[in-house]
Structures are given as C-alpha cells and as structure tokens.
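Here is a short report for a first look. Please keep the sequence and the model in view while reading.

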Amino acid sequence: MQENKLIKALVLNAQLGNNSAFEQLYQMTVPQIYILTVRLSGGLTLAGTLTKKTYVNAWQKISQKDEKTTFLNWLKIIAASTVLEEMGRNTLEKISSENDPQTKENEEVFFNQQPLEKAIRALEFVDRFVLILHDLENLSFEIINKITSLSINDLRSKLMRSRENLMIIVEE
Amino acid sequence: MTHDKVKNILNDYFDENLDIEVDIETQNHISECADCSQYLYSLQDLMNKVEKLPRSLKPHVDYWQDIFHEMSSIKTDALKQQEEIQLKEAGQQIKQDDTDDFVIEQKKIEAEDLLNWEKKKVEYLTKLKTPQVRNTLIGVLSACLIFFLYITFFLKGPSWEVKKFQVSGSTHEILGELPDDGIIKSDAITRFEIHTPSTGVLTIAPNSRIQKLQTDKVQLYAGALTANKENATKPLTIVVPSAEIKDFFVGGHYRAVVDDNNITSINVSDGWVSIIFNDIETIVLSNHTCKIHPDSGMGLPYLNTSSTVFIDAVNNYCFQNPNNEEALIAVLTKAEKSNVLTLWNLLKRVSRKQRDMVIYTMFGLLGDPPIGVTDEGLRSLNPEMMQKLIEEIEPEI
C-alpha cells in the first residue's frame with residue numbers, strides 16, 4: 001500500500017528529531033493503535049499504558065522505519081511487540097488492578113456491546129494475539145512470525161483454533 | 001485427498017494460501033462434501049462479522065503530554081548517531097585547525113540554545129499541570145462553555161417562514177415562523193413551502209408530516225419532502241427512519257419520500273447527497289435513486305434509467321440476500337458503464353476479498369483507473385482515492 005504523502009513528510013521530519021511532526025503522527029494514528037492495544041490486552045487501562053509505551057518506543061526507533069512498510073503497519077508491529085514485551089515482564093496484571101470505576105465501566109461497554117468482541121477477549125492470549133493481528137489488522141504470517149518468533153505452521157494452527165472457537169460462539 | 005486432510009487446510013483455502021493444484025483438489029472435495037461446505041459457510045459468516053468490527057477507538061484521555069514527557073528524556077537513535085558524528089568531526093577539526101574553535105563554540109551555543117528551549121517547553125508543560133494554572137484554565141474553559149450554551153439555547157436561530165398552498169391553486173397563505181421542534185402536517189388538499197434563511201426551500205407534499213429539529217435539521221415522518229438548495233449556503237440534514245440524508249456539497253435538488261411501511265426513497269435531480277446508515281456513508285449523485293428499508297437495510301443508489309434486471313439484482317442483493325456472493329455476482333454481471341456509481345458504493349459494503357471482484361468489474365467498464373488511484377488503495381478504501389474516483393465517475397454517467 002502506498003503511504004500518504006503527508007505521513008511520509010511527517011515521518012521524515014520526525015526522523016530528524018521534530019517532536020511536533022511526531023505529535024501529528026500520534027494524533028492521526030492513536031485511535032487505530034489504541035483499539036489494537038485494547039483488543040490485545042483485553043483492558044482499557046492496560047491499553048492506555050501500552051499505547052503510551054508504543055509511541056515512546058516508536059520515537060526511539062523512528063530512524064529505523066523504512067519505506068517498505070506503511071507508518072501505521074510499522075506502528076502496529078511496535079504495538080504488538082510492546083504488548084508481548086510487557087506480558088513477559090508480568091507488568092500487565094499490576095496495571096490492570098489499577099482500573100478506576102469509570103474505566104471499568106467503559107471497558108464493560110466496549111466488550112459487552114458486541115458479542116464477537118467479548119468472544120475474542122475470552123480467547124487464550126496467544127490465540128487472540130494471532131487472530132487480531134491476522135484477521136483484524138491484516139498482518140501477514142511472515143510479519144507475525146517476526147513479532148512472536150512462532151513458526152508459521154504454529155501460527156496457522158493457532159489461527160484455525162481461534163477461528164473455530166469463535167465460529168461456535170457466533171453460531172450460538 | 002481425504003476429508004481430514006482437507007479439513008486441516010480449509011482455513012488456508014479460505015485465505016487463498018494454497019498452491020493451485022492443492023486449491024483445485026480442495027475445491028473438488030468441498031463441492032461434494034456437505035461438512036466442509038458448512039465449515040466454509042460458517043467461516044465466511046464469521047469473517048463478515050469480523051469485517052464489521054470497528055477499526056479505531058478514540059482514547060478517553062489524551063496521552064500526548066505523558067508521551068512527550070518521556071520522549072524529552074530519551075534520545076532517538078538518529079540523534080545519538082548525529083551527536084557521535086558531530087563529536088568525531090569536532091575532534092578532527094580541533095586537531096587540524098585551532099582557528100575552527102570559534103565555529104565549534106558557535107555549534108555548542110546553538111545546541112545549548114536548543115536544549116534550553118526544549119527544557120523550557122518541558123517546564124511550561126509541567127507548570128500546566130500545577131493546580132493554580134490548571135484551575136485558571138478550567139475557569140477560562142467554563143466561561144467559554146457557558147458562552148457556547150448561551151448562544152445555543154438563548155439566542156434564537158434564524159427563522160423558518162412557512163407558506164400554505166392549496167393543491168389546486170397557486171395562491172398562498174403565510175403562516176409565520178416555524179419554531180424549533182415545530183411540526184407541520186399536510187392533508188390531502190394542502191402543501192407547504194418552508195423558506196429557510198440558509199438551507200434552501202423545502203416543499204412538503206400533501207399527506208406528509210415533518211418536524212423541525214434544529215436550524216439545519218428536519219425529520220420526515222411520512223409523505224414527501226423536496227429540498228431545493230439553489231440559494232442555500234449551509235447543508236441541510238433530513239432525518240428519515242434509520243438514516244440521515246445530508247448534502248455532500250451544498251446545493252442541488254432532491255426529494256425524499258417515506259411510505260406507509262416506513263421505506264424511504266431518495267431521488268436526486270441535481271447535486272451530491274450523502275446518506276448515513278449504520279455509520280456507513282452512501283453517496284447519491286444526480287439522476288439516481290436510493291431506497292432505505294429500516295428493517296432489511298440500506299439500498300444501493302442506481303441510475304434512474306438503469307435496466308430492470310440491474311435494479312432487481314441490486315434490490316435482491318441489498319434487501320433479500322445481503323452478503324450473498326451469488327447475489328453480488330448478479331449485480332456485477334448486469335452492471336453497465338452508467339452503473340459505476342452503484343459499484344463505487346458497493347465497494348464499502350463488501351468484504352475485502354469480494355472487493356477485488358467489484359474493482360475488476362468497475363475498471364472493466366471504465367477502462368484504466370484515474371492517475372493516483374490504485375487497486376491496492378481502493379482495496380483498503382483509501383478515502384483520498386475513493387474521493388478521486390467518484391469525481392472521475394461523475395462526468396461518465
């Protein structure tokens with residue numbers, strides 16, 4: 001997919017250390033990154049923390065961004081890697097216990113409005129992770145393999161398992 | 001190939017990840033196996049539902065200040081490299097020529113200035129977080145909010161003048177201004193004309209009922225409403241059962257009819273009209289008609305002079321067999337060049353995989369895509385490309 005010229009220019013400026021350009025990139029992409037972290041982590045407070053970490057990580061690595069990947073897909077990869085990294089550090093459980101009542105309420109609204117959203121949240125973490133990246137974010141198995149280090153066959157079987165679990169729930 | 005083997009690769013078949021030979025073998029097995037067909041049907045159904053899930057969500061709070069704060073304390077890879085290079089260059093220059101000291105000094109001053117400026121920015125942002133500054137800000141914002149509420153609720157908007165006509169005659173009676181929330185109901189022998197100061201002239205046909213909602217919004221409950229936007233300066237929104245109709249560009253002429261079954265029909269004679277139904281925007285151009293069934297869904301706009309078979313195929317796909325691939329193929333095979341607006345709107349309704357078929361048909365009819373529009377862009381519904389394409393389509397139909 002071709003990158004929007006404005007985004008290209010903003011990325012170039014951000015690579016030269018321009019904070020304002022990076023802020024504009026943040027404003028343009030945060031709704032897509034936030035929903036991804038909400039789904040991957042299964043919680044709004046967690047998603048807030050992960051979204052912040054994603055952009056800080058992206059700022060650190062912005063010079064490595066090449067033209068092969070669009071900025072949004074590049075950010076999605078960083079967001080997914082950030083979620084995995086934090087899962088490894090077991091910091092997510094601590095953050096999730098800090099939920100305030102309003103956030104808790106918003107969280108219930110988001111996940112209970114759509115039965116499918118609720119069903120995705122109930123999947124095992126890795127199955128959910130693969131399904132979201134492949135079916136919702138349209139990332140290829142090759143990219144998911146780079147993020148997770150799981151073999152492509154393993155990813156395929158996890159995707160099949162999560163789809164089958166969802167099919168049962170959807171048919172009910 | 002055995003049933004179990006096929007079942008294991010059905011997901012890859014669905015994702016079009018199989019080699020052509022395996023793909024054909026799988027296809028042959030599916031055509032004879034009810035179990036595998038049912039599995040594929042369920043998978044398609046699931047993917048249709050997944051397609052409809054939102055792809056963005058605005059956070060309830062703005063994280064930028066926190067991110068910026070952290071960014072200020074770290075150096076990007078690029079900055080680190082740049083600094084290393086500058087240090088090396090500076091070192092070499094000192095060795096080569098002592099007179100360059102002045103230039104280096106200047107560079108240092110510039111860098112320090114930059115650093116001070118960044119520090120000041122961080123200090124300023126930190127100050128913003130102190131209660132005193134925050135309270136002042138809240139005070140100013142509250143004053144703005146009160147002013148906004150005053151304007152919205154206490155200052156009356158421009159008035160709507162209502163004229164009543166007898167169907168058989170041309171003389172009229174001026175009824176005065178229509179207040180906010182005011183309702184107009186016409187009987188079998190009367191019609192009304194509403195002259196709005198900025199959204200054009202609205203004609204209410206006999207046996208109709210409307211309600212003014214705001215200065216630029218009206219609800220049509222029953223009957224027919226014609227919007228003549230010739231001298232309008234602002235867009236008008238017409239609320240009908242399950243949808244909202246709005247000018248895409250200010251200007252034009254269109255008619256909305258709500259029948260006894262709450263089915264709405266929009267006929268555009270001039271201009272561009274946008275219809276929002278379930279957060280999906282449909283664009284209707286002049287000489288096109290579009291129907292909305294509150295229960296079975298949103299129709300696709302079609303050219304008034306379209307063939308009957310095409311209109312039947314569109315209605316079948318939209319209202320009787322939504323998301324059915326055979327019904328979709330019937331629309332595509334019966335489309336002519338003059339029907340490309342229907343296909344343009346169809347792009348937003350179909351799944352990613354089906355979108356290829358629509359793109360292929362559209363450019364089969366239109367010829368090459370316009371400059372700046374690519375198949376990949378349309379596949380992901382790139383807003384700029386979609387806009388460019390519809391602008392190219394308009395003169396063709």
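## A predicted model

This is a predicted model.

## Where chain A meets chain B

The contact between the chains involves 38 residues of chain A and 32 residues of chain B. On the chain A side, five helices are listed as giving two or more residues: α2 (19–41), α3 (44–61), α7 (115–122), α8 (125–136) and α10 (152–171) of chain A. The largest share comes from α2(A), with nine residues.

What kinds of residue make up the side of chain A that touches chain B? There are 18 nonpolar, 12 polar and eight charged residues.

## Ser149(A): a positive phi

Most residues other than glycine have a negative phi. Ser149(A) has a positive value, near 65°. Find Ser149(A) in the loop between α9 (141–148) and α10 of chain A.

Is Ser149(A) buried or exposed? Ser149(A) is exposed, because 9 other C-beta atoms lie within 10 Å and the cut-off for exposed is 12 or fewer.

## Leu381(B): a positive phi in chain B

Now turn to chain B. The phi of Leu381(B) is positive, near 55°, and this residue is other than glycine. Leu381(B) sits in the loop between α12 (375–379) and α13 (383–396) of chain B.

Why does Leu381(B) count as exposed? Leu381(B) has 12 C-beta neighbours inside 10 Å, and a residue with 12 or fewer is exposed.

Notes
Residues numbered from 1 in each chain as written. Chains lettered and ligands numbered in written order. Predicted model: local features only at pLDDT ≥ 70, side-chain atom pairs only at ≥ 80, totals over all residues. Contact = placed C-beta atoms within 7 Å. Helix = DSSP H or I, 4+ residues; strand = E, 2+ residues; numbered from the N terminus. Nonpolar A, V, L, I, M, F, W, Y, C, P; charged D, E, K, R; others polar. Buried ≥ 20, exposed ≤ 12 C-beta atoms within 10 Å, placed from the backbone.
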